Amino acid sequence: MSTRRKINATAKLIGEWPLTPAATLGSSVRARGIFLEIRARLPTDFRKLFHIESRVLTLGLSEGAENNVQVVFGILSKALQNIEDLPVIPREIEDILTISTAERHRWLKDGRLQSAGTKTVKLRGRARNITFHVFDPQHVEDVLDRDLVTVWREQDAATAADNRRRAAGASPIPGILVSAPAAMIRSSGCDSAVRLSAARKYAFMR
C-alpha cells in the first residue's frame, strides 16, 4: 500500500531545486538517494518540510522558523555543490544499470565494476552498522554509455557454456565402450569372441 507524505498546512513553499540528469543518471532511486543524503544534513525542524517530487527538491517554511531560513539555505547550497560527484550506492547502481544484485557482486569481485571505497551506515531498527561498496558516478556513467552490461552478460554466458562443455568432457558417460589398444588384443592370441570380451573389460576399467 502506497503512503502519501503528510503536508504541513501552515508551511509555504520557499524554494525549489531541480536535480539534473547528470546528478540522477536517469534514476528515480538515485534521485531519492540524493534527497535523503541532503535531508540528513538539515536541522531537525526542517527535515519534515523538505521533500522531493518529480526529481525536484522543495523546501517549505512554517511559522516561527524564519530566523533559520538563511542557515538552511546555506546548508542546501553547500550540499548541492558538485552533487553529481556523490558516490553511487548499491541500490542506485542496480537501478541505473538495470542489473541484479548477483551481477553487481560478481562484477565487483572480478573487477569489472570498480569500487570507489566503502561506506558504513546504521540503519533504523538494526543494532549493528552495515558497510557496503560505493561507486564513482563517472565510472557508472561510462559503463552505461558504452553498454558494458550487455558485453559482460555475453562474456558470462560464454564462460558458463565453456564450463559446461568442460564438465561434460571430463565426466565419462556410463555404458559407453572405449576400444582397447589394438596391440593389447593382438598380443593376447585369442579368437574374436575373446578379443571382444577383452575390449569390453578394458572399456569399463577406464
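In which loop is D147 found? In this predicted model, D147 is placed in the loop between α7 (137-145) and α8. Its phi is near 50°, a positive value in a residue other than glycine. With a relative accessible area of 42%, D147 is partly exposed.

A positive phi also occurs elsewhere. L25 has a phi near 55°, again a positive value in a residue other than glycine. This residue lies in the loop between α1 (21-24) and α2. L25 is buried, because its relative accessible area is 12% and the limit for buried is under 20%. S54 takes a positive phi near 55° as well, in the hairpin of β2 and β3, which has two residues between the strands. As background, most residues other than glycine have a negative phi.

**The hairpin**

Strand β2 (residues 50-53) and strand β3 (residues 56-61) run antiparallel to each other and pair over four bridges.

**Salt bridges**

The whole structure contains 11 salt bridges. Three of them are set out below, each with its nitrogen-to-oxygen distance.

| Salt bridge | Distance, N to O |
|---|---|
| R30 and E92 | 3.1 Å |
| R41 and E37 | 3.3 Å |
| R146 and D142 | 3.0 Å |

The side chains of R30 and E92 meet in a salt bridge of 3.1 Å, N to O. This pair links distant parts of the chain, with R30 in helix α2 (residues 28-39) and E92 in helix α5 (residues 90-97), 62 residues apart. Both R30 and E92 are buried.

R146 counts as exposed because its relative accessibility is 52% and the limit for exposed is over 50%. D142, at 31% relative accessibility, counts as partly exposed.

Salt bridges also connect into a network, whose members are R106, D110, R112 and D156.

**Aromatic pairs**

How many aromatic pairs does the count come to? The count comes to three aromatic pairs. In one of them, the ring centres of W17 and F73 are 5.9 Å apart and the ring planes stand at 85°, so the pair is edge-to-face. The W17 and F73 pair links distant parts of the chain: W17 belongs to strand β1 (residues 12-18) and F73 to helix α4 (residues 69-80), 56 residues apart. F73 has a relative accessibility of 28% and therefore counts as partly exposed.

W107 and W152 form another edge-to-face aromatic pair, with 5.1 Å centre to centre and 65° between the planes. This pair also links distant parts of the chain, as W107 sits in helix α6 (residues 101-109) and W152 in helix α8 (residues 148-170), 45 residues apart. Both W107 and W152 are buried.

Methods
Residues numbered from 1 in each chain as written. Predicted model: local features only at pLDDT ≥ 70, side-chain atom pairs only at ≥ 80, totals over all residues. Heavy atoms only, no water. Salt bridge = Lys/Arg side-chain N within 4 Å of Asp/Glu carboxyl O. Buried < 20%, exposed > 50% of the residue type's maximum accessible area, 1.4 Å probe, protein only. Phe/Tyr/Trp six-rings, centres within 6.5 Å; stacked < 30°, edge-to-face > 60°. Pairing = 2+ DSSP bridges.
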